[in-house]
Amino acid sequence: ASSTSSDGRSSFSNYGKCTDIFAPGSQITSAWKGDEKASKTISGTSMATPHVAGVAAVLLEKHKHDKSAAQAELFSLAVANKINNPMGTPNLLLQVPLYTGPPTPPTPAPTSPPTNAPATVCVDKFCPHFSPSIFGPPIPDDKLIAAPIGVSTEVPDLCSRSKQNFKGQFVIVERGGCMFFTKVENAEKQGAVAVAIAMTTSGSPFPPNYYGNDKVGIPSMMVSKKDGDDLRKREGEVAYIGSPSVTAKPTPPTLPP
């Protein structure tokens with residue numbers, strides 16, 4: 001049955017023993033057709049019924065879909081003898097329970113992905129400064145490449161291919177004579193896994209560049225003349241290229257005879 005804001009029976013409401021409970025149904029503002037923001041204020045038992053249905057839904061959730069328990073609490077919550085002139089209808093006015101559902105679990109703080117240390121190139125404790133090339137893959141910061149140092153001696157600048165076998169090696173070549181890309185491409189074709197282009201004069205290394213469309217599949221870099229000389233002296237020793245955050249060092253390949 002429908003009630004008014006002054007707790008009276010709505011004049012249009014049904015009444016009698018076939019009804020069970022009163023709920024607000026006069027001058028109720030609710031959503032309406034037309035658009036997503038539309039609303040309208042109307043009266044009717046069709047406005048009282050949704051109030052009861054909403055309370056029933058809350059109680060069904062509380063009682064884990066036990067209909068009998070939900071219905072029993074719905075009637076036990078109702079306020080008795082509140083409605084004027086109930087006309088034979090049970091004088092019970094719907095009440096919304098205080099239960100608001102299960103507590104909302106706390107939102108876990110977002111977990112930031114681990115940050116790897118910047119990539120390095122190290123031979124034992126010697127870690128030369130380098131500038132990575134702007135072409136080819138970057139120096140990895142999530143893994144380590146283990147590679148024996150190889151030196152391009154037959155063709156020091158490696159502007160043309162030589163007969164040296166650089167399989168699995170970190171190859172040191174001289175700057176000058178041709179494009180940086182050509183040096184790295186030739187080293188890769190001869191089996192190298194990484195390349196350091198050593199300056200031939202004093203000064204700070206800079207990122208080797210290339211503006212063509214060809215690609216290489218190994219990382220490369222430039223090192224100073226001094227560091228290039230020091231790397232050549234360590235020919236055959238294993239260089240670890242990549243993130244120092246990686247604690248398990250990979251096994252370097254065996255040098256070709």
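Reader: Is Asp-7 buried, partly exposed or exposed, and what is its relative accessible area?

Author: In this predicted model, Asp-7 has a relative accessible area of 22% and is therefore partly exposed. The cut-off for buried is under 20%, and exposed means over 50%.

Reader: Where in the chain does Asp-7 lie?

Author: Asp-7 sits in the loop that runs between β1 (2–3) and β2 (23–24).

Reader: What should I look for in the phi of Asp-7?

Author: The general idea is that most residues other than glycine have a negative phi. Asp-7 is not a glycine, yet its phi is positive, at about 60°.

Reader: Which value does phi take in Leu-158?

Author: Leu-158 is a residue other than glycine, and its phi is positive, near 50°. Leu-158 also belongs to a loop, the one between β9 (144–151) and β10 (170–174).

Reader: Does Leu-158 count as buried or exposed?

Author: Leu-158 counts as buried, because its relative accessibility is 0%.

Reader: How many helices and strands are there in the chain?

Author: The chain has four helices and 13 strands. Two of the helices, α1 (residues 45–62) and α2 (residues 67–77), pack together.

Reader: At what angle do α1 and α2 pack, and how far apart are their axes?

Author: Two packed helices are described by the angle between their axes and the distance between the axes. For α1 and α2 the angle is about 125°, and the axes are 9 Å apart. The two helices are therefore oblique to each other.

Reader: Is the crossing of α1 and α2 left-handed or right-handed?

Author: The crossing of α1 and α2 is right-handed.

Reader: Which residues make the contact?

Author: From α1 come Val-52, Val-55, Ala-56, Leu-59, Leu-60 and Lys-62. From α2 come Lys-67, Ala-70, Glu-73, Leu-74 and Leu-77. Sorted by class, the contact has eight nonpolar residues, three charged residues and no polar ones.

Reader: What is the radius of gyration of the chain, and what would a compact globule of 257 residues have?

Author: The chain has a radius of gyration of 40 Å, whereas a compact globule of 257 residues would have one near 18 Å. Along the principal axes, the C-alpha atoms fill a box of roughly 110 × 40 × 30 Å.

Reader: What share of the residues of the chain counts as buried?

Author: Of the 257 residues, 39% count as buried.

Reader: What share of the contacts with a separation of 6 or more comes from residues 24 or more positions apart?

Author: Residues 24 or more positions apart account for 62% of those contacts in the chain.

How values were computed:
Residues are numbered from 1 along each chain as its sequence is written. This is a predicted model: local features need pLDDT of at least 70, side-chain atom pairs count only at pLDDT 80 or more; totals for chains, interfaces and linings use all residues. Side-chain values use heavy atoms; hydrogens and water are left out. Axes are lines fitted to C-alpha atoms, for helices over the stretch in contact, and angles run from 0 to 180 degrees between N-to-C directions. Angles under 35 degrees count as roughly parallel, over 145 as roughly antiparallel, 65 to 115 as roughly perpendicular and the rest as oblique. A crossing is left-handed if the near helix is turned anticlockwise from the far one by less than a right angle, and right-handed if clockwise. Contact means heavy atoms within 4.5 Å. Ala, Val, Leu, Ile, Met, Phe, Trp, Tyr, Cys and Pro count as nonpolar, Asp, Glu, Lys and Arg as charged, and the others, Gly among them, as polar. The radius of gyration is taken over C-alpha atoms; the globule rule is 2.2 Å times the number of residues to the power 0.38. Buried means under 20% relative accessible area, exposed over 50%, partly exposed in between (1.4 Å probe, protein chains only).
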